[in-house]
Amino acid sequence: MKEHFVDRATLEEFRRGDGSAFAEVIRAYTPSIRFQVMRYWQGVFQCEEAMQEIWVHTYQQREALDPSRFGEFGAWLATLARNRCIDLLRKQGRTIGPNTKDPTETIDRVEEPPDQENAVAASEIRAALDSFKAKLKPHWRTFFVLHFEQGLGYAEIAARLSIGRTRCKYMKRVLLARAKRNADLRAIVGRSLDSEVDNAR
Amino acid sequence: MHVENRIDRYLAEGLPPVSAAKLKDHVRECDACRAHYDRQVALLRVLHGDVDKPTRVEDDRIVHLVLHGVRLSLSEEDTRESNRIDRLVWAPVPVLAVAAVMLLVLAFGFWQLASPADELAPAGTVKIAQIVKGRGVVVNGVRLKPSMKAETDIYANTRVEVGKNGIAEIKLIAGGTVRIYPKTSISFAPDGERLDLEIGRVWCLIDKRNTPFLVRTDTIEAWVIGTSFVVEREETGETEVRVMKGTVAVNDRRKPALVLVNDRQKTKVTKDAPPSRPVAYTPRRDKSAWDHFVEVLLQFFRQIGRAVEGLFE
């Protein structure tokens with residue numbers, strides 16, 4: 001099976017130890033690595049730690065990657081990631097992963113939550129965000145839309161709103177503090193964390 | 001002690017590597033802080049519209065952590081020290097307390113040291129740079145005599161023009177050097193942190209700092225924390241940003257479009273198009289051009305020296 005996430009030239013650069021190529025590889029494959037890691041650890045922090053370990057290990061093992069098998073890079077990475085997860089679990093004194101399943105079982109197949117459940121959660125979030133936004137003053141609402149909804153960085157927002165980057169940081173900080181106090185958003189966050197724990201049982 | 005404020009800042013903006021490592025060491029061991037970390041990530045995801053989808057900041061964080069872990073770096077920004085203004089935004093109480101004490105000390109110092117000379121300082125003028133070598137240089141309409149030593153102070157809003165056969169090297173008070181090539185006109189913004197390039201070519205060697213240094217033309221703005229780069233604005237209206245070292249963010253001022261230009265890369269902005277995708281660039285051309293102009297300047301001074309010697313023989 002051919003990989004299309006990153007091209008051959010990037011993989012060659014990565015194998016030679018180039019930072020930009022490695023960054024490209026990480027960006028391309030982090031979603032699938034995160035997917036794997038989430039089967040073994042519950043919290044975001046622990047998942048991030050595990051992902052970091054996996055990527056550092058991948059970099060250290062890069063020369064073991066056979067250039068004639070670049071097409072199978074995804075599979076090579078998946079195996080490496082799984083083995084690293086098991087090593088980390090052992091280090092933590094755990095012999096099995098969450099979901100009380102054997103961590104050595106296949107990790108390519110991950111059960112998705114039902115679509116309907118996703119749709120309900122999405123509509124709930126949408127409603128909470130709309131209500132949160134409605135309470136903001138126009139300038140703050142614009143910032144919220146540009147930063148959180150459209151995903152623009154400070155430089156772009158600063159240029160569009162004719163404000164400084166420090167002002168952007170300040171606005172984000174204030175909005176985060178307000179969001180933390182918002183009952184609807186707090187409830188959604190609480191439920192999402194509860195469901196993670198439930199899934200892990 | 002719980003460090004919720006630092007976690008919030010780390011998740012929203014990032015922290016310098018050493019601070020981030022310390023924070024993570026704590027979170028690893030502290031259940032309450034780890035729970036706060038997870039809650040805050042979930043909140044950020046909700047604000048981005050999907051509680052299950054990691055945000056771009058999360059992915060960027062992984063990239064930076066891993067690259068730092070294997071001692072690789074994408075940009076100068078990766079290793080930048082904590083920004084003082086950031087600290088003010090994210091942890092205002094200690095910073096304001098320190099600032100208040102410093103202000104008191106400074107006020108006392110000024111009161112003690114005030115002298116008549118202070119009263120002679122021109123009102124509303126802030127020295128931001130100094131011309132350390134130059135020829136064919138006109139500052140605010142006044143032509144300077146050629147010089148190879150620091151002589152002329154540059155104040156806010158100063159306009160500097162360099163003629164066809166001239167060059168100028170300007171030392172920035174905030175740290176760094178700006179080299180101005182022939183046929184170039186620039187002016188400095190009031191805070192000294194911005195240089196407006198009207199026409200010509202400048203080579204900026206900016207020391208690592210907390211506030212970005214900005215070079216602006218009519219079409220783009222390029223800013224850095226500390227790096228070496230060249231901005232050239234042609235008469236045709238085209239502007240090129242060429243990076244020798246570090247990373248420069250180039251933004252199209254007409255319609256925001258941001259491009260990051262790394263070591264040995266350049267981007268071009270034409271009249272109708274946004275900054276192009278960065279392509280490879282060899283700094284040799286700009287460096288040798290500058291060396292050539294400096295050599296011409298030295299020859300000029302040698303000729304003057306010989307002429308003066310001739311007068312006395």
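Helices are DSSP runs of H or I with at least four residues, numbered from the N terminus.

**View 1. The residue just after helix α1 of chain A in the predicted model.** Directly after α1(A), A:G17 adopts a positive phi of about 100°.

**View 2. The buried and exposed sides of α1(A).** Helix α1 of chain A covers residues 8–16, and its buried residues are A:T10, A:L11 and A:F14. Viewed down the axis of α1(A), these buried residues fall within an arc of 100°, so they line one face of the helix. An α-helix has 3.6 residues a turn, so residues three or four places apart point the same way. A:R8, A:A9 and A:R16 are exposed on the other side of α1(A). The packing partners of the buried residues of α1(A) are α2 (19–37) and α4 (73–91) of chain A.

**View 3. The contact between chain A and chain B.** Chain A contributes 41 residues to the contact and chain B contributes 37 residues. On the side of chain B that touches chain A, two or more residues each come from α1 (4–12), α3 (31–47), α4 (56–69), α5 (84–90) and β12 (248–252) of chain B. The most come from α3(B), with 9 residues. By class, this side of chain B has 24 nonpolar, 5 polar and 8 charged residues.

**View 4. The largest nonpolar core and another core.** The largest nonpolar core has 59 residues, of which A:F22, A:I26, A:V37, A:M51, B:L43 and B:V46 touch the most other members. Beyond its neighbours within four places in sequence, B:L43 is in contact with A:A179, A:K180, A:L185 and A:V189. Another core, of 41 residues, lies apart from the largest one and includes B:I170, B:V241, B:V248 and B:F293.

Note on methods:
Residues numbered from 1 in each chain as written. Chains lettered and ligands numbered in written order. Predicted model: local features only at pLDDT ≥ 70, side-chain atom pairs only at ≥ 80, totals over all residues. Contact = placed C-beta atoms within 7 Å. Nonpolar A, V, L, I, M, F, W, Y, C, P; charged D, E, K, R; others polar. Buried ≥ 20, exposed ≤ 12 C-beta atoms within 10 Å, placed from the backbone. Arc of directions from axis to C-beta. Core = buried A, V, L, I, M, F, W, Y, C linked by C-beta atoms within 7 Å.
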